[in-house]
Amino acid sequence: MAKYLILVASKGGSGKSVLCKQIARELYRTGYKVCGHDYDPQQHYAQFVDVNNAMFTSDDEADYIIVDTQGAHTQTNIDIMKGMNNEDALFIVPFMPTDDDYKEAMKMRDRLKEFDLLDKAVFVANRCYRENDKDVKDFKQRLSSTVKVAKSVFVNRKAYAKEPDSKVINEVSRFIHEVVINGTTD
């Protein structure tokens, strides 16, 4: 049975689609079978799946099913959450280390808690200036009092959505091994 990796946030622009692409690339590169689903109306991840269809397989053959969602509390997102209670699923919630994104992360925490999914969620700092930045540390610490927070962070890089360079590959690989494969957080 495949494990679902579902990227969610309460708003758009948090980097869900880009992270779906990079996680899919890295899982595939390391030998896992990957399937992709896109429920975001913008369909950026779906376009990536179509263009890179040799990388993807069907649900029943996949080790991981990577799901992009709309950045909102839509009925589709509610249906996804309701459907994951009895599945092997990990909700990945990217957040930027800002006050506004902290508030949005708390909304996402409350929504996941409402559907009894908080134990299946991990929050990850995204679009950071640098990994050891004071704001990154501060927001990770604030969040970690109520949710699981990844030790890994994603640093803001030019053209992150394009073919990854070695720094991007290393960040994504570190996150996958830490959170997806080993299940560890701060």
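1. Helices (H or I, at least four residues) and strands (E, at least two) are taken as DSSP runs and numbered from the N terminus. By that convention, C20 sits in helix α1, which covers residues 16–29. The model is a predicted one, in which local features need pLDDT of at least 70 and side-chain atom pairs count only at pLDDT 80 or more, while totals for chains, interfaces and linings use all residues. Residues are numbered from 1 along each chain as its sequence is written, and side-chain values use heavy atoms, with hydrogens and water left out.

2. On C20 itself: the residue is buried, at a relative accessible area of 0%. Buried stands for under 20% relative accessible area, exposed for over 50%, and partly exposed for what lies in between, with a 1.4 Å probe and protein chains only. Contact means heavy atoms within 4.5 Å. Leaving aside neighbours within four places in sequence, C20 is in contact with L7, Y45, I66, V67 and D68.

3. For C20, the nearest cysteine sulfur is that of C35, 12 Å away. For C128, the nearest is that of C20, at 18 Å. C128 is buried, with a relative accessible area of 0%.

4. Helix α1 also packs with helix α6 (residues 166–181), their axes coming within 10 Å and crossing at roughly 80°. Axes here are lines fitted to C-alpha atoms, for helices over the stretch in contact, and angles run from 0 to 180 degrees between N-to-C directions. Angles under 35 degrees count as roughly parallel, over 145 as roughly antiparallel, 65 to 115 as roughly perpendicular, and the rest as oblique. The helices α1 and α6 are therefore roughly perpendicular to each other. The contact involves Q22, I23, E26, L27 and R29 from α1, and V168, I169, V172, S173, F175 and I176 from α6. By class, the residues of this contact are 7 nonpolar, 2 polar and 2 charged. Nonpolar covers Ala, Val, Leu, Ile, Met, Phe, Trp, Tyr, Cys and Pro; charged covers Asp, Glu, Lys and Arg; the others, Gly among them, are polar.

5. D99, Y102, A105 and M106 of α4 make the contact with F139, R142 and L143 of α5. The residues of the α4 and α5 contact comprise 5 nonpolar, no polar and 2 charged.

6. Two backbone angles should be noted. Most residues other than glycine have a negative phi. D116, in the loop between α4 and β5 (121–128), has a positive phi near 55°. At 61% relative accessibility, D116 counts as exposed. R127 has a positive phi near 60° and is found in strand β5. R127 is partly exposed, at a relative accessible area of 37%.

7. A121 is also placed in strand β5. Is A121 buried or exposed? At 2% relative accessibility, A121 counts as buried. Apart from neighbours within four places in sequence, the contacts of A121 are L90, F91, L112 and K148. The C-alpha atoms of A121 and P97 are separated by 18 Å, the two residues being 24 apart along the chain.

8. Y39 belongs to the loop between β2 (34–38) and α2 (44–51) and is partly exposed, with a relative accessible area of 40%. Which residues does Y39 contact, leaving aside neighbours within four places in sequence? They are V67, D68, T69, Q70, T76 and I80. V67 and D68 are also among the contacts of C20. Y39 and D119 are 80 residues apart in sequence and 23 Å apart in space, C-alpha to C-alpha.

Notes
Disulfide = S-S within 2.5 Å.
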